[in-house]
Amino acid sequence: MELIDGKALARVVDEQTRADVAALVASGGPRPGLAVVLVGDDPASQVYVRRKIKGCEAVGITSFERRLPASTTQAELMAVIAALNADPQVHGILCQVPLPPHIDQGAVLDAIRPDKDVDGFHPVNVGRLSTGTGGIVPCTPLGVMLLLDSVLPELKGLDVVVIGKSNIVGKPIAMLLLEREATVTVTHIHTKGLAEITRKADVIVAAAGAPELVRGYWVKPGAVIIDVGITRVPGANGKDRLVGDVAFAEMGHARAVTPVPGGVGPMTIACLLSNTVKAACVAAG
Ligand code: GUN
């Protein structure tokens with residue numbers, strides 16, 4: 001079984017992004033700028049935001065951090081988004097979710113200008129993805145496709161089972177796979193007979209957020225497995241450990257598997273940075 005090294009592939013993507021930033025600036029274009037908005041003090045979100053800001057520094061993207069208290073009102077947050085929409089130095093806007101419960105998350109994400117929506121969450125970008133007409137592709141799904149391409153460049157006609165139906169991961173991945181002419185089955189934790197379905201798959205993309213859901217007997221010999229899940233569970237030594245949606249130790253008969261951590265995770269940030277540079281290039285004309 002081959003390990004699909006997300007850290008190594010993310011370094012390759014970052015190298016390209018760094019070169020694209022340098023080329024844009026050298027040609028008289030703008031230095032790409034990414035605004036990261038964080039409302040409240042959710043510890044996991046703080047970690048993600050810190051990584052995104054560090055990622056910007058590493059490739060030459062200017063970052064604009066907007067940390068707002070959990071008590072921020074809808075109107076205040078909308079005003080921050082409006083200011084970032086209008087700021088010519090900001091080419092990408094990312095509003096970390098989940099937002100506090102008193103905020104209408106959909107309304108906030110819809111307020112981000114589609115051409116600055118580097119998460120690809122805006123309905124315009126969702127619509128473009130589902131019709132195969134361009135737009136900004138969400139970061140984790142884009143990372144999954146790059147990981148798949150690294151081991152399986154031709155997806156046409158393959159049976160791919162996606163486990164998970166989220167707007168951020170499951171649904172957009174299904175759209176991208178359909179564009180590549182894979183035969184896509186979208187399932188979720190309430191799907192009946194899931195193991196029988198996955199056992200026929202050439203590729204499994206597990207994005208259900210259910211630790212070690214996919215067992216060895218669910219997987220056909222030679223299948224390629226992309227594990228998007230990442231859940232913190234108590235370990236034997238009293239320390240938490242991170243586990244994916246796939247029972248990794250049972251995957252010896254697979255052709256290739258992404259590890260958790262070190263698989264999809266690093267690709268998500270690399271794709272965010274790459275999306276930001278693409279948005280800056282579009283803005284530069
Ligand atoms: N929270 C967890 N993942 C993401 C992501 O990809 N983008 C944003 N904005 N928030 C997240």
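Me: In which loop is the place of Pro 98?
Reply: Keep in mind that this is a predicted model. The peptide bond leading from Val 97 into Pro 98 is cis, with omega near 5°. As for its place, Pro 98 sits in the loop between E4 and helix H4 (105-111).

Me: Which elements give two or more residues to the shell around the ligand?
Reply: Around the ligand you'll find Leu 94, Cys 95, Gln 96, Val 97, Asp 119, Cys 139 and Thr 140. Sorted by class, that shell has 4 nonpolar, 2 polar and 1 charged residues. The elements giving two or more residues to it are E4 and helix H6 (139-151).

Me: Let's turn to H2. Why are its buried residues on the same side of the helix?
Reply: Helix H2 covers residues 43-59, and the buried ones are Lys 52, Gly 55, Cys 56 and Val 59. In an α-helix there are 3.6 residues a turn, so residues three or four places apart point the same way.

Me: How far does H2 reach from its first C-alpha to its last?
Reply: H2 has 17 residues, and at 1.5 Å a residue you'd expect 24 Å. The model comes close to that, with a reach of 25 Å.

Me: Is Glu 181 buried or exposed?
Reply: Its phi is near 65°, a positive value in a residue other than glycine. Glu 181 is placed in the loop between helix H7 (170-179) and strand E6 (183-187). With 12 other C-beta atoms within 10 Å, Glu 181 counts as exposed.

Me: How many other C-beta atoms lie within 10 Å of Glu 212?
Reply: Glu 212 is no glycine either, yet has a positive phi of about 50°. You'll find Glu 212 in the loop between strand E7 (203-206) and strand E8 (224-227). Glu 212 is partly exposed, and the count is 18.

Methods. Residues numbered from 1 in each chain as written. Predicted model: local features only at pLDDT ≥ 70, side-chain atom pairs only at ≥ 80, totals over all residues. Helix = DSSP H or I, 4+ residues; strand = E, 2+ residues; numbered from the N terminus. Expected span 1.5 Å × (residues − 1). Buried ≥ 20, exposed ≤ 12 C-beta atoms within 10 Å, placed from the backbone. Near = placed C-beta within 6 Å. Nonpolar A, V, L, I, M, F, W, Y, C, P; charged D, E, K, R; others polar.
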